[in-house]
Amino acid sequence: MPADAALHVTKPSRQDGRRLLSGIAAALAALALAGCTAPAARVEAPTRAAAAPLALPPVKVFTPRAAPPPQRSNAEIARDFLDLHFQLEGGSTLPHFTRFETPITLRVTGTPAPGLNRDLDALLARLRNEAGISVRRVSGADAGITIQSVSRAEIRRALPKAACFVVPNVSSLAEYRRNRRSPRTNWTQLRSREKLAVFIPNDVAPQEVRDCLHEELAQAIGPLNDLYRLPDSIFNDDNAHSVLTGFDMLILRATYAPELRTGMTRAEAAARLPAILARLNPGGARNATQWLPETPQDWAAAYEQALGPKSALRERLRAANSAAAIARSQGWTDHRRAQSHYTLGRMLSIREPELALQHFQTAQGFLQQQPGTGIHQAKLAVQLAAYDISAGNGAAALARLKPAVAAAAAHENAALLSTLLMLQAEALDLEGRETEARGVRLDSLGWARYGFGPDWVVEARLEEVAALRPSGS
């Protein structure tokens, strides 16, 4: 198993190790969703007998900034462009390229969540500046794209497994329900883009609203597929990225290149892509090409079943082991192999914490071999730093957390950033740096309010992290 010794967590003595691992298993499991948004439905909040509520600071938000360009070759990116535009996730192929052929107009309906308009305006500015796409907001019903802000329950009634989604040729959820089995809402039947609707929840954490805006609006105007092989893209169902990356902006800019037009076949688009990418991404001509293999459907199915909330734990664990076995048999050494081990680690945290840690460390070893996986490593750092803190090793946790905090901030993931900062505060306390710890902890709460939403979720996360510290420290 590839792993760098410097990244192995510092284990307690053999005599105390098993007892310590059992004691922190529940806390590790609670942190397994770090970097995700608030849970879908509120479970009973932890009891806080006679405790005064926290005085939480204002919500923190990121200042939008342009993403750095992709660091992969144009040959790889051309392949990705074609697979993103001419395939669907289920395996269907799309016969023709489609995009908006006129300047894009957009309106918001429903009951927008607080902060939606701010985050949407920031996203539209990025699309104009980084992708060169002509898009503006309007108030009329003839807008090309309608963003309807509705409750999570309404979205789930329409599409049970979706957090948010986009549909062609409708402008409301009611219209979609009436036409959901009609060819007009079938992406494989789409021949031109003129009217689409994006459905966004309005009763979730601000970060989840923003993440939905980025992914669904990008698919409304650009490619429809998601590819697990992409380490640097929001067009990937592993949810590693929260906002559009430099790769994503390049794909969208190429989508609206004048050399392309709606109705082109894959072969016609492929013939024009080399010149388009050479013009838009000259640095990509100098980057070495590293072809990542295709993702077989059996791995995707096993991975998705492992994460499925409705399956029994035994079935999910069997699926997670199957995904890891498939990744190994494929000879992968990329982020997909790491994700297989990370998923197993999360699932084993309570029942087999020692084995879980081995999977986390193995995942880290693979991630270190692949450039551009800083955000993946930051999510993994939550698990490994939690173990450092539980073992009383604040110095090891701080060394691990520093690059992870920087990666979470750079990728604008407030939920992950807040959790990492909470862990950093606990590690500082262990090192006797209480004043620094208080400042970092306060900083974490502002990000947590954006990343996790309700105050009770923020307080619960803070308690979960605090529970990691050894008793008496």
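A cavity, in the sense used here, is a set of points on a 1 Å grid over the protein atoms alone where a 1.4 Å probe fits but cannot get out, whereas a pocket is an open set with protein on both sides within 12 Å along at least five of seven lines, and lining residues have an atom within 4 Å of a point. Grid points are joined across faces, edges and corners, and a volume is the space filled by probe spheres set on the points.

This is a predicted model, in which local features need pLDDT of at least 70 and side-chain atom pairs count only at pLDDT 80 or more, while totals for chains, interfaces and linings use all residues. Residues are numbered from 1 along each chain as its sequence is written, and side-chain values use heavy atoms, with hydrogens and water left out.

## The chain as a whole

The secondary structure of the protein chain comprises 17 helices and five strands, where helices (H or I, at least four residues) and strands (E, at least two) are DSSP runs numbered from the N terminus. Of its 473 residues, 53% count as buried; buried stands for under 20% relative accessible area, exposed for over 50%, and partly exposed for values in between, with a 1.4 Å probe and protein chains only. The chain exposes about 20,400 Å², of which carbon and sulfur atoms supply 52%, and such areas come from the Shrake-Rupley method with a 1.4 Å probe, only the protein chains shown counting as cover for residues. Among contacts (heavy atoms within 4.5 Å) between residues at least 6 apart in sequence, 74% join residues at least 24 apart.

## Cavities and a pocket

In the classes given, Ala, Val, Leu, Ile, Met, Phe, Trp, Tyr, Cys and Pro count as nonpolar, Asp, Glu, Lys and Arg as charged, and the others, Gly among them, as polar.

| Space | Volume | Lining by class |
|---|---|---|
| Largest cavity | about 50 Å³ | four nonpolar, one polar, five charged residues |
| Second largest cavity | about 40 Å³ | three nonpolar, three polar, two charged residues |
| Second largest pocket | about 900 Å³ | 17 nonpolar, 15 polar, seven charged residues |

The lining of the largest cavity includes Arg72, Glu76, Arg79, Asp80 and Arg229, and also Pro231 and Trp291. The second largest cavity is lined by Tyr228, Asp238, Trp299, Tyr303, His335, Arg336, Gln339 and His376. Helix 9 (297–307) and helix 11 (335–348) each supply at least two residues of that lining, and helix 11 gives the most, with three residues.

The second largest pocket is lined by 39 residues, of which Pro231, Asp232, Pro371, Gly372 and Thr373 lie nearest its centre. Helix 7 (246–255) and helix 13 (374–390) each supply at least two residues of the pocket lining.

Among the buried residues are Phe247, Met249, Leu250, Ile251 and Leu252, together with Asp248. The buried residues of helix 7 pack against helix 2 (74–86), helix 3 (116–131), helix 6 (206–221) and helix 8 (266–280).

Strand 5 (residues 196–201) is mostly covered, since six of its six residues are buried. Leu196, Val198 and Ile200 lie on one side and Ala197, Phe199 and Pro201 on the other, and both faces are covered. Two strands pair if DSSP finds at least two bridges between them. Strand 3 (residues 145–150) runs parallel to strand 5 and is joined to it by six bridges, with Ala197 of strand 5 as the bridge partner of Thr146. Strand 4 (residues 165–168) runs antiparallel to strand 5 and is joined to it by four bridges, with Val198 of strand 5 as the bridge partner of Val166.

## Individual residues

Arg400 is found in helix 14 (residues 394–410), and at 11% relative accessibility Arg400 counts as buried. Arg400 and Leu384 are 16 residues apart in sequence and 8.1 Å apart in space, C-alpha to C-alpha.

Two residues other than glycine have a positive phi: Asn239, at about 60°, and Glu412, near 55°. Asn239 is found in the loop between helix 6 and helix 7, whereas Glu412 is found in the loop between helix 14 and helix 15 (414–430). Glu412 is buried, with a relative accessible area of 9%.
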